[in-house]
Amino acid sequence: MSELTSSRIRATAGKLGLPHLAEALNQYIQRADKAKMGYLELIDLVLAEELAVRDDRRFRNGLRLSKLPHHKTLEYYDFSFQPDLDPRKVKDLATLSFVEDKAKVALLGPPGVGKTHLAVALAVAACRAGYSIYSTSLDDMVRHLKAAEDQGRLMSKLTSYLRPAVLVVDEVGYQPLERAEANLVFQVISKRYEKGSITLTSNKTFSEWGQVFGDEVLATAILDRLLHHCEVVSINGNSYRLKNRLQAIERETDVV
């Protein structure tokens, strides 16, 4: 291929939004020559790799915008430390059928058992599959909604929690809410009902949510919409953080 033709292909690829093709053109030609590819094989190779590059770019951008606290996957979750948790149940959730069904997932258990890790891992899997995701703690969501309401732009802010295919709401129950704050949460849950998935984590049982939301009737209304088409995963094991801290103390003691 002449240098003129090569330059023209690179320029055209750039205009078409195919930067990888523009950068890897010579590599494609060398691979095609080495494997004695036909024209259709070469086109198939180029398109497949461009699609992979584009998907990876979309995935990384989705994670960047998601506000997830980290990007840990299921491979890094130590199921052996939580023997009462059935790995098959979590792996079934990782098929993302709950996202397709616009259903909910509730991860319940005491602090430190890995609820947030599992919620993040499911969100990362959803992002990899092409779904939009967004993560927030309940307290942060309420704080932002209250500020938006005070500024007269509540509906605009609500949209940021309604738009993603998967909304992760972390740390439900760590701080009790006032009734007006609980009503803002109800609006998010109600407006997402059967329109988008929610994955939440909580250190409270559902029977304690009346205390969390400061109103039994409002808590019941939230649970009514939340528990319809909801997969509940209870984790009643030991704390990873406490395990790590105890191990660190043991190492320090051994050194002394």
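## Arg-192 and its contacts

Arg-192 is in contact with Tyr-161, Leu-162, Arg-163, Pro-164, Ala-165, Val-166, Leu-167, Ser-197 and Ile-198, leaving aside its neighbours within four places in sequence; contact means heavy atoms within 4.5 Å. The model is predicted, so local features need pLDDT of at least 70 and side-chain atom pairs count only at pLDDT 80 or more, while totals for chains, interfaces and linings use all residues. Residues are numbered from 1 along each chain as its sequence is written, and side-chain values use heavy atoms, with hydrogens and water left out.

Is Arg-192 buried or exposed? Its relative accessibility is 2%, so Arg-192 counts as buried. Buried means under 20% relative accessible area, exposed means over 50%, and partly exposed lies in between, with a 1.4 Å probe and protein chains only. The C-alpha atoms of Arg-192 and Arg-54 are separated by 29 Å, and these two residues are 138 residues apart along the chain.

## Helix α9

Arg-192 is found in helix α9. Helices (H or I, at least four residues) and strands (E, at least two) are DSSP runs, numbered from the N terminus. The 14 residues of α9 should span 20 Å at 1.5 Å a residue, and the end C-alpha atoms are 20 Å apart, which agrees. The expected span of a helix is 1.5 Å times one less than its number of residues.

The buried residues of α9 are Glu-181, Ala-182, Leu-184, Val-185, Phe-186, Gln-187, Val-188, Ile-189 and Arg-192. What covers these buried residues includes helices α7 (138-150), α8 (154-162) and α11, together with strands β3 and β4 (197-202). After α9 comes Glu-194, whose phi is positive, near 60°.

## Strand β4

Thr-199 is found in strand β4. Thr-199 counts as buried because its relative accessibility is 1%. Not counting residues up to four places away in sequence, Thr-199 touches Phe-98, Val-105, Leu-107, Ala-119, Val-166, Leu-167, Val-168 and Val-169.

## Cavities

Rolling a probe the size of a water molecule over the atoms shows where empty space is left. On a 1 Å grid over the protein atoms alone, a cavity is a set of points where a 1.4 Å probe fits but cannot get out, and lining residues have an atom within 4 Å of a point. Grid points are joined across faces, edges and corners, and a volume is the space filled by probe spheres set on the points. How many cavities of 30 Å³ or more does the structure hold? The structure holds two.

The largest cavity has a volume of about 60 Å³. Its lining consists of Leu-138, Val-169, Val-172, Val-185, Ile-189, Leu-200, Trp-209, Phe-213, Ile-222 and Leu-226. At least two lining residues come from each of β3 (166-172), α9 (179-192) and α11 (216-226). By class, this lining has ten nonpolar, no polar and no charged residues. Ala, Val, Leu, Ile, Met, Phe, Trp, Tyr, Cys and Pro count as nonpolar, Asp, Glu, Lys and Arg as charged, and the others, Gly among them, as polar.

The second largest cavity has a volume of about 40 Å³. It is lined by Gln-82, Pro-83, Asp-84, Leu-85, Ser-234, Ile-235, Asn-236 and Gly-237. By class, the lining of the second largest cavity has three nonpolar, four polar and one charged residues.

## Aromatic pairs

Rings of Phe, Tyr and Trp (its six-membered ring) pair if their centres lie within 6.5 Å; planes under 30 degrees apart count as stacked, over 60 as edge-to-face and the rest as tilted. By this rule the count comes to four aromatic pairs. The rings of Tyr-77 and Phe-79 have centres 4.8 Å apart and planes at 65°, so this pair is edge-to-face. Tyr-77 is buried, with a relative accessible area of 5%, and Phe-79 counts as buried at 15% relative accessibility.

Trp-209 and Phe-213 form a tilted pair, 5.4 Å centre to centre with 55° between the planes. Trp-209 is buried at a relative accessible area of 2%, and Phe-213 is buried at 1%. Ring pairs link Phe-206, Trp-209 and Phe-213 into a cluster.

## Positive phi in two loops

Most residues other than glycine have a negative phi. Lys-36 is not a glycine, yet has a positive phi of about 50°. Lys-36 is found in the loop between α2 (19-35) and α3 (39-66), and is exposed, with a relative accessible area of 70%.

Leu-96, also not a glycine, has a positive phi of about 70°. Leu-96 lies in the loop between α4 (87-93) and α5 (97-100). Leu-96 is buried, with a relative accessible area of 6%.

Methods: 1 Å grid on protein atoms, 1.4 Å probe; cavity = no way out; pocket = protein on both sides within 12 Å on 5 of 7 lines; lining within 4 Å.
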